[in-house]
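Here is a friendly walk through the structure shown below. Keep the sequence and the model side by side as you read.

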Amino acid sequence: MTQTRRRTPPTFEQLRTMSGQELGVSDWTTVDQLRIDQFAECTGDHQWIHVDPERAKRQSPFRTTIAHGYLTLSIIGALALEMGIVPENTQAAFNYGFDKVRFLAPVKAGARIRLRTTLLSMEDRGPGQYLMKAENTVEIEGEQKPALTAETLVMMYERRKRA
């Protein structure tokens, strides 16, 4: 797994002024065959390009199995949380959706990936409610092209102060 460098998370007030700034880069995490197989089991997507190393060695243009694109996409949330970009006084944060998801290069079994995140906007959505839009790039160690790019939308609720 990863060994992310912990840092003090930004406050909601700080995030409101950080549009266009990089929020962080995660540590590397390995996408091994076990992780790919577990994802296949959870989703029912057992396509041979993901789960059959022998056939992939013979027939795949990559000569090995590759991670599901949606597996790579799903790792974004965990890596973002590990980077410490959610304010400490967040009561709850919910995935609100994705914009502009592009799968650019396959993640081969055993490859290491990391997340690079830049804040695009922090929109007030009501008292103590914010919609964070961030640009995410999942990089593959030793590769020029990233695995994917995606804009994430996260609805965050600030913890209310008790009277």
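Let us begin at the surface. Lys100 counts as exposed because its relative accessibility is 56%, where exposed means over 50%, buried means under 20% and partly exposed lies in between (1.4 Å probe, protein chains only). Lys100 has its place in strand 3 (residues 90–103), and phi of this residue is near 50°, a positive value in a residue other than glycine. Helices (H or I, at least four residues) and strands (E, at least two) are DSSP runs, numbered from the N terminus.

Before going further, a word on the model. It is predicted, so local features need pLDDT of at least 70 and side-chain atom pairs count only at pLDDT 80 or more, while totals for chains, interfaces and linings use all residues. Residues are numbered from 1 along each chain as its sequence is written, and side-chain values use heavy atoms, with hydrogens and water left out.

**Overall layout**

The protein has 5 helices and 6 strands. From the N terminus on, these elements run α-β-β-α-α-α-α-β-β-β-β. Along the principal axes, the C-alpha atoms fill a box of roughly 65 × 30 × 30 Å. Of the 163 residues in the protein, 41% are buried. Contact here means heavy atoms within 4.5 Å; among contacts with a separation of 6 or more, 71% join residues 24 or more positions apart.

The accessible surface comes to about 9600 Å², with 49% of it belonging to carbon and sulfur atoms; the areas come from the Shrake-Rupley method with a 1.4 Å probe, and for residues only the protein chains shown count as cover. On the charge side, there are 22 positive and 20 negative side chains, and the centres of the two sets lie 1 Å apart. Lys and Arg count as positive and Asp and Glu as negative, with His and the chain ends not counted; each charge is placed at NZ of Lys, CZ of Arg, CG of Asp or CD of Glu.

An unreviewed UniProt entry carries the annotation "domain: MaoC-like" for residues 19–128. UniProt positions are given in the numbering used here, feature names are shortened, and annotations may be inferred rather than shown by experiment. In the model, this span is 34% helix and 34% strand, and its end C-alpha atoms lie 19 Å apart.

**The nonpolar core**

Which residues have the most contacts inside the largest nonpolar core? They are Leu15, Val31 and Val107, in a core of 31 residues. A nonpolar core is a set of buried Ala, Val, Leu, Ile, Met, Phe, Trp, Tyr and Cys residues joined through side-chain atoms within 4.5 Å. Elements that give two or more residues to this core include helix 1 (12–15), helix 2 (33–43), helix 5 (69–83) and strand 4 (111–126). Helix 5 gives the most, with 7 residues.

Leu15 lies in helix 1 and is buried, with a relative accessible area of 0%. Leaving aside neighbours within four places in sequence, Leu15 is in contact with residues including Pro10, Leu23, Leu119, Met122 and Met156.

Thr72 sits in helix 5 and counts as buried at 5% relative accessibility. Not counting residues up to four places away in sequence, Thr72 touches Ala67, Val107, Ile113, Val138, Ala147 and Leu148.

**Loops and the chain end**

His46 lies in the loop between helix 2 and helix 3 (48–51) and counts as partly exposed at 42% relative accessibility. Beyond neighbours within four places in sequence, His46 is in contact with Ala40, Glu41 and Val51. Arg63 is placed in the loop between helix 4 (53–59) and helix 5; its phi is near 60°, a positive value in a residue other than glycine. Arg160 is found in the segment after strand 6, and it counts as exposed at 69% relative accessibility.

To close, here are some C-alpha separations.

| Residue pair | Apart in sequence | C-alpha to C-alpha |
|---|---|---|
| Leu15 and Met122 | 107 residues | 6.7 Å |
| Thr72 and Ala109 | 37 residues | 11 Å |
| Arg160 and Pro10 | 150 residues | 17 Å |
| His46 and Thr152 | 106 residues | 27 Å |
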